[in-house]
Amino acid sequence: LNGIAPLAMDFYLPGLPALQHDLETSASLAQITMTATLFGIALGQALIGPWSDHIGRRRPLIAGMLLFTLSSLAIVFAPNIWLMIVLRFIQGLSGSAGIVLSLAILTDVFSGPALTKNVTINQTINGVFPVLAPVLGGIVVGLADWQMTFWVLTITSFGLLLGVVFFFAGNEKTTGGPADSEIDRVPEAVAKPSFHADAHRTGGNYDYAVYLYCWVNLRLGEKFSAINDRLWHYLCIKWGWHGGDDLY
């Protein structure tokens, strides 16, 4: 999933001259098809992550892979360069779901050393595929034509789509933070004398630092998983914020 968008960006690169000839366009417009994908990937990462935080990972992932499959297939039959540029943008936008959500799923499932190990593998894939893509694309173009690179992308993304649909249960529970009413109770809790006493006794003069950390993480919908999650959990319970049990 993480490698499909980087693969798509450069996979057809060896066939760019043939693409330019077939679509009767200029070299600069042919190159914009790659730029459009890059813009789509960048925009998609900014949009899909927050979206998945609210509705879960599975549905955005299915939508992304479905749209990627359809756009890849449509590119094969694109009659002109302008439609192809639009489709390439859509391809990058939808493909970014694999980049964003593969990493998000890892942080949902793993923690500690296991998380570090899997994130390293994930980022290695993200770095290797842009290098391998032109090489693999050159083999495909040499055996067939530039359209075949998008057939390969279509088949590959369809296989990933089936894998997500049938083998990834996902977590449809939203991963956003608790209700605003719970968040708004944090400043009130900080005013309690017990907050200052407990913070001083358990962690020194960390009271306001801990408060800021917890407030930001609640807004981002993340679990208390930093330096000492037991301390954060303990303090939240002592503050009277009852959502601490759920997040711990």
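Colleague: How many helices and strands does the protein have?

Modeller: This predicted model has 13 helices and zero strands. From the N terminus on, the elements run α-α-α-α-α-α-α-α-α-α-α-α-α.

Colleague: What is the average pLDDT of the protein?

Modeller: The protein averages 76. Of its residues, 68% score at least 70.

Colleague: Where is confidence highest, and where is it lowest?

Modeller: Helix H4, residues 58-76, has the highest mean, at 94. Helix H13, residues 244-247, has the lowest, at 39.

Colleague: Over which residues does pLDDT stay under 50?

Modeller: Residues 201-210 are one such stretch. The model has 14 contacts for them beyond four places in sequence. Residues 215-232 also stay under 50. For that stretch there are 37 contacts beyond four places in sequence.

Colleague: Back to H4. What is its reach from first C-alpha to last?

Modeller: H4 has 19 residues and reaches 28 Å. That is close to the 27 Å expected at 1.5 Å a residue.

Colleague: Which residues of H4 are buried?

Modeller: Among them are Pro60, Leu61, Gly64, Met65 and Phe68. Further along H4, Ser71, Ser72, Ile75 and Val76 are also buried.

Colleague: Why might residues three or four places apart go together in a helix?

Modeller: An α-helix has 3.6 residues a turn, so residues three or four places apart point the same way.

Colleague: And what covers the buried residues of H4?

Modeller: The cover includes helix H1 (4-10), H3, helix H5 (81-109) and helix H7 (146-167).

Colleague: Take H7, then. Is Gly163 in it buried or partly exposed?

Modeller: Gly163 is found in helix H7. It is partly exposed, with a relative accessible area of 24%. Its C-alpha atom is 9.7 Å from that of Ile62. Gly163 and Ile62 are 101 residues apart along the chain.

Colleague: What about H5? Which residues does Ile81 contact, leaving aside its neighbours within four places in sequence?

Modeller: Ile81 lies in helix H5. Its contacts are Leu19, Leu23, Thr25, Leu29, Ala30 and Thr33.

Colleague: Is Ile81 buried or exposed?

Modeller: Ile81 is buried, with a relative accessible area of 4%. The C-alpha atoms of Ile81 and Ser26 are separated by 9.2 Å. Along the chain, that pair is 55 residues apart.

Colleague: What share of contacts in the protein comes from residues 24 or more positions apart?

Modeller: They account for 73% of the contacts with a separation of 6 or more.

Colleague: Switching to charges. How many salt bridges does a search of the whole structure find?

Modeller: The search finds two. Asp53, Arg57 and Asp108 are linked in a network of salt bridges.

Colleague: How far apart are the N and O atoms in each?

Modeller: For Arg57 and Asp53, the closest N and O atoms are 2.9 Å apart. For Asp108 and Arg57, the N to O distance is 2.7 Å. Asp108 lies in helix H5 and Arg57 in the loop between H3 and H4, so this pair ties together parts that are 51 residues apart in sequence.

Colleague: Why can such side chains pair at all?

Modeller: Side chains of opposite charge can pair when their charged atoms come close.

Colleague: Which of the three is buried, and which are partly exposed?

Modeller: Arg57 is buried, with a relative accessible area of 6%. Asp53 is partly exposed at 25%. Asp108 is partly exposed at 38%.

Colleague: Now the backbone. What is the phi of Glu24?

Modeller: Phi of Glu24 is near 50 degrees. That is a positive value in a residue other than glycine. Most residues other than glycine have a negative phi.

Colleague: Where is Glu24 found, and is it buried or exposed?

Modeller: Glu24 is in the loop between helix H2 (16-22) and helix H3 (27-55). At 74% relative accessibility, Glu24 counts as exposed.

Colleague: Which residues make the nonpolar surface patch of about 560 Å²?

Modeller: Val128, Leu132, Val135, Leu136, Ile139 and Leu143 make it. Of these, Ile139 is found in helix H6, residues 112-143.

How values were computed
Residues numbered from 1 in each chain as written. Predicted model: local features only at pLDDT ≥ 70, side-chain atom pairs only at ≥ 80, totals over all residues. Heavy atoms only, no water. pLDDT = per-residue confidence, 0-100. Helix = DSSP H or I, 4+ residues; strand = E, 2+ residues; numbered from the N terminus. Contact = heavy atoms within 4.5 Å. Patch = residues over 30% accessible without salt bridge, like charges linked within 9 Å, V, L, I, M, F, W, Y side chains within 5 Å. Areas by Shrake-Rupley, 256 points an atom, 1.4 Å probe, with all protein chains shown as cover. Salt bridge = Lys/Arg side-chain N within 4 Å of Asp/Glu carboxyl O. Buried < 20%, exposed > 50% of the residue type's maximum accessible area, 1.4 Å probe, protein only. Expected span 1.5 Å × (residues − 1).
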